[in-house]
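Open your viewer and get ready to select residues by chain and number. This tour goes stop by stop.

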Amino acid sequence: MAVLRSIRLFALLVAALAGLLFAPPHAQESSSAGRLKATEWQIKGAYLYNFALFTRWPAAAFKGKDSPFVIAILGDDPFGAPLDDSLVKEQVNGRPIRIVRAPTGAAVPECHLLFISVSEKRRLQEIFDSISGKPIFTVADFEPFCQVGGGARFRKDGRNIRLVMNPGAIRAAGLRVDAELLQMATLKETEPRK
Amino acid sequence: MKRVSLKDLSIRSKLILLGAAPSIVVLVLAAFVFAFYDLAAFRRAMGDELRALAHFIGYSSQPALRFEDQERAVEILRGLSGNRDIVAAVIFDRQGAVFASYAKGRAIRQFAPLSNAAAPAPASRGVSVFEPIVQNRAHLGHIYIESGMERFWRRALILLASASVAVLAFSLLSFLLSQRFQHHISTPLRQLSGAASSVAQNADYTVRVEEQPGPELSVLTRAFNQMLSKIEQQDSTLRQRAAELEAVNKELEAFTYTVSHDLRSPLRAMAGYAQILKRSAADRLTADDLDCVQRIQNNARRMSELIDDLLAFSRLDTQPIEKAPLNLNEIIQRALQPLEPLIANSRAQLLIHPLPPASADAALIEQVFANVLGNAIKYSRKHPNPRIEVGYMDRDGKPIYFVRDNGVGFDMQYADKLFGVFQRLHRADEFEGTGVGLAIVQRIIVRHGGKIWAESSPDKGATFFFTLN
């Protein structure tokens, strides 16, 4: 048996080596052009939820076992009612989702995921300072965001919406983000303030 | 083609076969079972590996599916190129459309969108897995991975090769061991059979077989040796007896010849002087005296005939037999020629059936027929219608010749004396003769390897049967 096991091991080794040596340089790939005919903000709204799925919050971020996962929208709301409709049935790690909205200039409400509207672009640093050290995942769709300490930004790439992320900033907030998610995103680090 | 049967093999080959064949058969069967089991387990392991891989890929592509990043999904699938076995992989999205796909090498495969969440048909008879991608009970899509069977067949080939080598090597080992062990049984047996055939061929009874260890073989060899010493003893006794008998026989022959020869001279003298007496003193002798002289002459002649027959009889032993194909019908005609006057006298009727050709010594067989026919004519001449018949009967493909007459016959209780020398069942004054004829006939028949016998009853005729071989 030992001999056969070593034969099997050897065969595996040989197969792996051969695989490395003879791996085709260009694997066939394809992607379908057919996509959801959703509006840009519907997609972005779904992506907000996705961030919640691939990020882990510390237990201390929630009051109780059943306390909801709170998504806050600060400033002018670009999502509107469809966001509420699409997330009303969803859950994050078994927690129901609650969406809170704060008007322009208002203080950041208690939340786990914060979407900062472009209307708050001017007082961004102020917002960051107010939530510094809190386990809040910040998302925006304007620049500069990540390089000044934001968590994730939507970036339009033709018809697709891509991600820019600042893993350092997310980690600093006490959150852990899925490595696969980071693999998808363009990564930016916080640039030192001038 | 000659069929080689197991029965024709030597005991040595049989023993080697007996020792080696079961282990070789078991070995081959075990190798088959092992290979079958191993390949089945290997195939199962391939499936398990593939399923684990599908889970991993599915898990890794969750963000890509969530964020609809097809490029990332393709990148993840391209990571499969490190595994040579995987020929195709597809990620289907929630709607069943192809989200990303991968195909090994130059193989371009178009994957149709899923219908009813059924797995796509594999391109080859490979192993494939089709698993849903689920995150937090939310169905994101499906992953399909298809693996080729190259690794499986390569393994099967390696197994076959190593099993063949092992079977060959162990068969050789088993054969060698069997050959080594069988000699404990076959060598003594071969010694025995060698000794037996040497005894049979060369009649050499001095051969002895080395005594072998083991209960059966020691008994066998000891018994064989004892048998041989007994045979040797008896053989030497027999040889001694034969030599003695031969010497006695030679002496007897020489004696007979000398005696017969030496008996002639006084006989010739007696006959001669009786003749002289008859011629010179015929006028002085009375009729009774002349009768006495005549009786002396007759008896001398009779004795001379006796001696002639005796000589002929004793010569038979030294005369070699020359067998040749014979036409017995001609032989009978030749044997009848000297008997013509007797036949004419007795007015005997001869019935001679044609006889088949035979292989025998012509002169001696002529004498047999002459003597037997002569007897038949002699002993039937007192019958008013003497009848003599010659023929043969077929007994198991061999002819039994017979000569039958309707003469005086004889009493069957004296049948054993019929062929003795000087044995007569009738008085000489009734039927002339010396009593040597049938003894000569029997001697000739016996020397041909045949048998002679007779059947009769008084006044009912006699039948003489004989065979030649």
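A crossing of two helices is right-handed if the near helix is turned clockwise from the far one by less than a right angle, and left-handed if anticlockwise. Keep that in mind for the second stop. The model on your screen is predicted.

**Stop 1: all of chain B**

Select chain B. This chain has 469 residues, and 26% of them count as buried. Colour by secondary structure. Now think about contacts in chain B with a separation of 6 or more. Residues 24 or more positions apart account for 64% of them.

**Stop 2: two helices in chain B**

Two packed helices are described by the angle between their axes and the distance between the axes. Which hand does the crossing of H7(B) and H9(B) have? It is right-handed.

Now show the side chains at the contact. On H7(B), pick Ile331(B), Ile332(B), Arg334(B), Ala335(B) and Leu336(B). On H9(B), the residues include Ile365(B), Glu366(B), Phe369(B) and Leu373(B). Across the whole contact, 9 residues are nonpolar, 2 are charged and none is polar.

**Stop 3: the sheet in chain A**

Strands of a sheet pair through backbone hydrogen bonds, either parallel or antiparallel. Move to chain A and find the open sheet of 8 strands. Trace the order E3-E4-E2-E5-E6-E7-E8-E10; the pairing is mixed. Strand E3 (91-92) and strand E10 (186-187) of chain A are the edges. Each has a single partner strand, so one side of each is left without a neighbour in the sheet.

Next, select residues 40-53 of chain A. This is helix H2, which packs on the sheet. H2 of chain A touches several strands, among them E2 (69-74), E5 (113-116) and E6 (137-140). The direction of H2 makes about 150° with that of E5(A).

**Stop 4: strand pairs in chain A**

Select E7 (residues 152-157) and E8 (residues 160-165) of chain A. These strands run antiparallel, joined by 6 bridges. Which residue of E8(A) stands opposite Arg153(A)? Look for Val164(A). The hairpin of E7(A) and E8(A) has 2 residues between the strands. There, Gly158(A) takes a positive phi near 65°.

E6(A) pairs with E7(A) in the parallel sense, over 2 bridges. Zoom in on Val139(A): its bridge partner in E7(A) is Ala152(A).

Technical notes: Residues are numbered from 1 along each chain as its sequence is written. Chains are lettered from A and ligands numbered from 1 in the order in which they are written. This is a predicted model: local features need pLDDT of at least 70, side-chain atom pairs count only at pLDDT 80 or more; totals for chains, interfaces and linings use all residues. A residue is buried if 20 or more other C-beta atoms lie within 10 Å of its own, exposed if 12 or fewer, and partly exposed in between; C-beta atoms are placed from the backbone. Two residues are in contact if their C-beta atoms, placed from the backbone, lie within 7 Å. Helices (H or I, at least four residues) and strands (E, at least two) are DSSP runs, numbered from the N terminus. Ala, Val, Leu, Ile, Met, Phe, Trp, Tyr, Cys and Pro count as nonpolar, Asp, Glu, Lys and Arg as charged, and the others, Gly among them, as polar. Two strands pair if DSSP finds at least two bridges between them. Axes are lines fitted to C-alpha atoms, for helices over the stretch in contact, and angles run from 0 to 180 degrees between N-to-C directions.
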